[in-house]
Amino acid sequence: MATSVKMPQLGESITEGTISKWLKKPGDQVKKYEGLVEIITDKVNAEVPAPLTGVLKEIKVQEGATVTVGTEIAVIEESVAATSSAPKAQPAPPADLVAVPSPVSGEGQGGGLEARTRLSPVVRALIEEHRISDAELARIEGSGIGGRISKKDVEDYVAKRTQPAAANGERQQAAAGPATAPAPTPGTTVPLSPMRRAIAANMLKSKQTIPHAWTVAEVDMTTVVRFRQKVKESFKQREGIDLTYVPIIVMAVVESLKAVPVLNASWTDQGVLLHKDINVGVAVSVDDGLIVPVIHQADRMSISGLAKAIDDLAKRARAGKLGIPDVQGATFTVNNPGTFGTILSYSIIAPPQAGILAMDAIVKRPVVVEGDAIAIRSMMNLCLSFDHRVLDGVSAARFLQGVRRWLEGFSEQVPLY
């Protein structure tokens, strides 16, 4: 019996996806839950498993093509043998989709060829660019979680390959191969990855459909900085993770969203939808671009709980191990460009949310304080982008004022747990 495989819904607001790579070719045997195809959207890079055991009869959509959710992308012919001999259903994965890629070991089962099929698109592109063979790929030790090969691993390998080295077999093999490709120069067109295309499409849609407005507040973070300096070592020893500023900011955002719920909302043609839960997306940069995993029901967490959730989501995002639920349901987003030293950032809203807050770098500078004195304080800019259909500047300013007051009123009495 022939069964259609359709483009799945990979996220709440996602209506289409791009075929990144077929992991099987027509005529191949496929097993239920075995990786069939990689699909990329602006939110997630997912490996879609085969829905049944059989033979891949036909591929309907080729690599690089973008199609809408529900479009038939392949046909699997369920074989009689597979049907009769297939064991009873094994415990299934928690969802139809499993985030990519699985851990890859350079010396692992299947060697470089199998590893190549499980790499992220950007890593594969780098491998193709430098014409790294399967044998070479098998020798690259992945530094990612579970031994996954990252972009940096490949770059490090290429750098070593091109260095003058002792005369050994590996050196000779590298010398025999093609020279390292020249870096892009002005006038060079860098091909778009599927994820870059998806991000571009979503951002364009956002700017075309949402009337953005934005406002900035300057926040004195001195008390928060001192508190973090005081507790960060003991926190790390106790919890095994760093206490960054992000969970503290998210806590301030949650408290202000409670006070100004119109920021925790979405525009619809029927009216403004006020969300019951406060689900905060936190932007995470990855090799391929940007992913925004979601802290669901963040209003039920302590600062410690937020720190653990953010650490877990960030690690899994960079390892390509996020599941679909991890990127669904955000009602508001926090972006942290300040980690790269920016001092003023304006972020684009992720539909259908009504707002996104950018936190910039905390920098010391002289500030006029009470009594007309000048003091050195740790200052940070917060920039709120908001959907002007949903709310006006007064509500936006009230929300931002709430975040600022919570942070500037921070004290050691605020519980971590």
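1. Tyrosine 346 counts as partly exposed because its relative accessibility is 35% (buried is under 20% relative accessible area, exposed over 50%, partly exposed in between; 1.4 Å probe, protein chains only). The model is a predicted one, in which local features need pLDDT of at least 70 and side-chain atom pairs count only at pLDDT 80 or more, while totals for chains, interfaces and linings use all residues. Residues are numbered from 1 along each chain as its sequence is written, and side-chain values use heavy atoms, with hydrogens and water left out.

2. The structure holds four aromatic pairs (ring centres of Phe, Tyr and the six-membered ring of Trp within 6.5 Å; planes under 30 degrees apart are stacked, over 60 edge-to-face, the rest tilted). The rings of tryptophan 214 and tyrosine 346 form a tilted pair, with centres 5.9 Å apart and planes at 35 degrees. This pair links distant parts of the chain: tryptophan 214 is in strand S10 and tyrosine 346 in the loop between S17 and S18, 132 residues apart. Helices (H or I, at least four residues) and strands (E, at least two) are DSSP runs numbered from the N terminus.

3. Phenylalanine 227 and phenylalanine 410 pair edge-to-face, at 4.9 Å centre to centre and 65 degrees between the planes. Phenylalanine 227 lies in helix H8 and phenylalanine 410 in the segment after H11, so the pair ties together parts 183 residues apart in sequence. Both phenylalanine 227 and phenylalanine 410 are buried. Phe227, Trp406 and Phe410 form one aromatic cluster.

4. Helix H11 (residues 393-408) has 16 residues, which should span 22 Å at 1.5 Å a residue, and its end C-alpha atoms are 22 Å apart, in agreement (expected span: 1.5 Å times one less than the number of residues). The buried residues of H11 are Ser395, Ala396, Phe399, Leu400, Val403 and Leu407. They lie on the same side of H11 because they cover an arc of only 135 degrees around the axis (taken from the directions from the helix axis to the C-beta atoms). On the other side of H11, Val394 and Arg405 are exposed. Cover for the buried residues of H11 includes S10, H8, H9, S17, S18 and S20 (contact: heavy atoms within 4.5 Å).

5. Threonine 331 sits in the loop between helix H10 (303-318) and strand S17 (332-335). Threonine 331 is buried, with a relative accessible area of 4%. Residues touching threonine 331, leaving aside those up to four places away in sequence, include Leu263, Asn264, His275 and Gln353.

6. Overall, the protein has 11 helices and 20 strands. Buried residues make up 45% of its 417 residues.
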